[in-house]
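Biologist: Could you bring up the model, so that we can go through a few local details together?

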Amino acid sequence: MKYAIVTGTSRGLGASIAELLLKSGVNVIGIARNQNQHLNQIANKSQSNYQHFTCNLADVDHLDRVIEKVNDQVFKKDTELVYLINNAAVVGPIDIATKYTIEAVQAHMQLNLIAPMITTALVLRRAKHCGVKTIVTNISSGAADRSTYGWSAYGSSKAGLNRYTETVALEQKELNTDHKVILFDPSIMDTNMQDDIRSANPAEFRDVDQFKQYKSNNQLSLSSDVAKVLVDILLDHEKVVNGKYYRIKDYLS
Ligand SMILES: NC(=O)c1ccc[n+]([C@@H]2O[C@H](COP(=O)([O-])OP(=O)(O)OC[C@H]3O[C@@H](n4cnc5c(N)ncnc54)[C@H](OP(=O)(O)O)[C@@H]3O)[C@@H](O)[C@H]2O)c1
């Protein structure tokens with residue numbers, strides 16, 4: 001049996017990844033604040049199971065308890081492979097750094113950086129204990145590699161996630177484990193996150209017109225197309241390269 005733990009399955013890229021994994025026969029555990037009934041319907045029509053865990057990933061104590069329960073569901077006697085896909089994230093707060101509130105910075109970092117660090121650690125720890133090969137994918141962004149006016153929180157959380165991922169990959173390599181830890185940059189997609197970006201105030205986010213143009217010029221990818229590339233990479237699991245930064249731009253033109 002193969003299992004995937006996917007965060008942010010209620011919509012957008014996470015929903016598309018979960019759907020394709022289910023259709024490929026992988027059992028999926030989805031984690032988000034809201035359920036996605038469509039994934040239950042997909043599972044009913046396929047050979048795989050879908051289970052939803054409601055969790056606010058910015059609440060570290062709740063997350064800790066939920067991941068332990070998820071691990072109990074996933075690491076079973078007949079489990080041959082586990083995927084963890086840390087996808088849930090927000091772009092906000094969008095504004096210049098001096099305007100951020102402490103609460104907004106804290107909530108952003110908890111969701112975008114601390115939650116993936118905790119889930120990666122808890123899942124890899126259980127994987128080691130159970131001896132089950134595990135592949136962790138952390139969803140990054142081009143915003144990690146350049147500074148964008150108004151996005152100091154988002155750029156920092158994604159840059160932190162990149163360094164974290166590459167460090168854990170190095171550790172797993174040096175420890176000679178079978179586990180792999182990779183990054184995936186989906187680039188710009190037509191999801192709710194882009195709605196949030198386009199609705200930003202130009203005084204707080206200077207590139208807002210450029211993002212409106214991406215939408216009006218049809219330059220945003222469909223999350224289903226992006227998810228297909230990632231899922232194809234993951235299903236060919238022997239070929240996944242530990243520590244690699246996979247970028248959608250290398251696959252979709
Ligand atoms: N869209 C783009 O253009 C773009 C570009 C580069 C990178 N990315 C990255 O791609 C990934 C997916 O983005 P997307 O565009 O699919 O975003 P989206 O459509 O806004 O979906 C975000 C998902 O994250 C979940 N989420 C948000 N806050 C949460 C919380 N506190 N606790 C639990 N779950 C939470 C949401 O579920 P609930 O609201 O139900 O909790 C939702 O399922 C993100 O890592 C993003 O940084 C996106």
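Biologist: Which residues does His 52 touch, not counting residues up to four places away in sequence?

Modeller: His 52 touches Gly 30, Ala 32, Asn 34 and Gln 35, where contact means heavy atoms within 4.5 Å. This is a predicted model, in which local features need pLDDT of at least 70 and side-chain atom pairs count only at pLDDT 80 or more, while totals for chains, interfaces and linings use all residues. Residues are numbered from 1 along each chain as its sequence is written, and side-chain values use heavy atoms, with hydrogens and water left out.

Biologist: Is His 52 buried or exposed?

Modeller: His 52 is buried, at a relative accessible area of 17% (buried is under 20%, exposed over 50%, partly exposed in between, with a 1.4 Å probe and protein chains only).

Biologist: And what joins the side chains of His 52 and Thr 54?

Modeller: A polar contact of 3.0 Å joins them, that is, a pair of N or O atoms within 3.5 Å, of which, within protein, one must be able to donate a hydrogen and the other to accept it, and residues adjacent in sequence count only if both atoms are side-chain atoms.

Biologist: Switching to the ligand, which atom of Leu 57 lies 2.9 Å from a nitrogen atom of the ligand?

Modeller: That is a backbone N or O atom of Leu 57, whereas Arg 11 places a polar side-chain atom 3.1 Å from an oxygen atom of the ligand. A backbone N or O atom of Gly 8 also lies 3.1 Å from a ligand oxygen atom.
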